[in-house]
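Subject: Structure handover

Dear colleague,

Here is the structure we spoke about, with its sequence. My notes on what was found follow below.

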Amino acid sequence: MRGQTRQGLRSPSRRQGTRRRALPAAAAVAIGIMTLGALAPPSVSAAGSPAAVQQSLNALVRDDGMPAALASVQDRDGRTRTYTAGLGDLATGSKVPRDGQVRIGSNTKTFVAVVVLQLVGEGKIGLDATVDTYLPGLVRGEGIDGRRITVRQLLQHTSGLPNYSNYLGDDVRYYAPRELLDTALQHPADFAPGTSWKYSNTNYVLAGLIVQKVTGRPLAEEIDRRIIKRIGLRHTYFPAPGDASIREPHPHGYLRNAADGPLRDITEIDPSWGWAAGQIVSTNSDLNRFFSALLAGHLLPSAQLAQMRSTVPAEATFGPDARYGLGLLSRPLPCGGLSWGHGGSFPGYETRGGATDDGRAANVAVTMQLTDEAGGRSLERAVDTALCR
């Protein structure tokens, strides 16, 4: 999720029959990416070389205090290299699993947007139809009316809906999607639909509910059928209700309550509060495959892909010259051209990356949720180093 980062998770405790973690509401905004300042370009002579990518990961661990960093880099010919730095488990000192699974946070939004746009292409959803067309009477509140909010505005974050994750309670537990929506609707709209832009996880909860209403199937099944199986993402899944674990080899994720506080293992956590806004688990290589397939037209008809890539300014949240389409972010590269992707943040993990129209792709993950702009800039520089070759 996106916005302010979730901080201050208390030490996880295990109880028989359940896994619950206390999580202050300030941290609930975190399935996204931090606001970034201007980035210094990587050295053109060194950018993209295996040594340069490895050095950038080493710096994330050494200089930025990340427990671990992982990267997957795909060149124009489809060849992939993977990289690791740091430790996969601070308690045991074990190595970082190469291309290990991580919680990808708001990268989930792009998956959901693809499913919605596939349904648009099938004539089952209208981009400029209102929310009430599919969920009549559900979306009402102070300055909020589902008869005036369109599907396009949900995907583009121009609906004005308040961000539910700003208002979650302190206990991380299972949340039903309707409970997340109801939390948002207790608060006034941020602005009238279509008059401004502001990142809100509520938009994608509603998009997920529309998918379920139109298809008659769970969102997780639609993502699995329409994307994961279709392009062969072997290490990507939408966790089932109550599944707080990560299935395959993975680095442990950590959280620091304060700048000088200890790192706490937050690997196992119920991710349902992210749902359509940030629940998916994946790997860097699978993310590269996903974004490359998307840009190559393997997931959407050309008309819907063009709509997805039609962007509005999003600099306030994503940094200079960043623009947001329908679940897809464009960012200028220091070596020229654009990177298309999203990025994500979830307690314990942070991911950045993207793909280019000429076939390059890179994703970098660290095993601590970022809480300052300096860390975000370092992570973006690592991505730029991998893509600028």
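**Aromatic residues**

Phe 318 is buried, with a relative accessibility of 4%; buried stands for under 20% relative accessible area, exposed for over 50%, and partly exposed for what lies in between (1.4 Å probe, protein chains only). Before the rest, two notes on the basis: this is a predicted model, in which local features need pLDDT of at least 70 and side-chain atom pairs count only at pLDDT 80 or more, while totals for chains, interfaces and linings use all residues. Residues are numbered from 1 along each chain as its sequence is written, and side-chain values use heavy atoms, with hydrogens and water left out.

Rings of Phe, Tyr and Trp (the six-membered ring of Trp) are paired if their centres lie within 6.5 Å; planes under 30 degrees apart make a pair stacked, over 60 edge-to-face, and the rest are tilted. Eight aromatic pairs are counted by this rule. One of them is the stacked pair of Phe 318 and Tyr 324, with 5.8 Å from centre to centre and 25° between the planes. Tyr 324 is buried, at a relative accessible area of 0%. Both residues belong to one aromatic cluster, formed by Trp 197, Tyr 199, Phe 318 and Tyr 324.

Arg 247 lies over the face of Tyr 237, 3.8 Å from the ring centre. Arg 309 has its charged end over the ring of Trp 340, at 4.6 Å from the centre.

**Overall make-up**

The protein has 12 helices and 18 strands. These are DSSP runs numbered from the N terminus: H or I over at least four residues for helices, E over at least two for strands. Of the 389 residues in the protein, 59% are buried. The accessible surface comes to about 14,300 Å², and carbon and sulfur atoms account for 48% of that; accessible areas are from the Shrake-Rupley method with a 1.4 Å probe, and for residues only the protein chains shown count as cover. As for contacts (heavy atoms within 4.5 Å), 70% of those between residues at least 6 apart in sequence join residues at least 24 apart.

**The disulfide**

The structure holds one disulfide, a term for a pair of cysteine sulfur atoms within 2.5 Å. Cys 335 and Cys 388 are the residues joined, with 2.1 Å from S to S. Their link is left-handed, with -80° about the S-S bond. Cys 335 is in the loop between β14 (329–332) and β15 (338–341), and Cys 388 is in the segment after α12 (373–387), so the pair ties together parts that are 53 residues apart in sequence. Cys 335 is partly exposed at 41% relative accessibility, whereas Cys 388 is buried at 6%.

**Buried residues and their partners**

Leu 161 is in the loop between α4 (151–156) and β8 (171–172) and is buried, with a relative accessible area of 2%. Leaving aside neighbours within four places in sequence, Leu 161 has contacts that include Val 139, Ile 144, Ile 149, Leu 154 and Leu 206, along with Asp 190, Ser 200, Thr 202 and Asn 203.

Thr 108, in helix α2 (residues 107–121), is buried at 0% relative accessibility. A polar atom of the Thr 108 side chain lies 3.3 Å from the backbone nitrogen of Gln 279. Beyond four places in sequence, the contacts of Thr 108 include Phe 238, Trp 275 and Ile 280.

Arg 360 is in the loop between β17 (349–355) and β18 (361–366) and is buried, at 8% relative accessible area. The Arg 360 side chain reaches the backbone oxygen of Leu 387 at 2.5 Å. Polar contacts of this kind are pairs of N or O atoms within 3.5 Å; within protein, one must be able to donate a hydrogen and the other to accept it, and residues adjacent in sequence count only if both atoms are side-chain atoms.

**Positive phi**

His 157 is a non-glycine residue with a positive phi, near 65°. His 157 is in the loop between α4 and β8 and is buried at 0% relative accessibility. Asp 321 also has a positive phi near 65°; Asp 321 is in the loop between α11 (315–318) and β13 (323–324) and is partly exposed, at 49%.

Regards

Notes: Lys NZ or Arg CZ within 6 Å of the ring centre and 35° of its normal.
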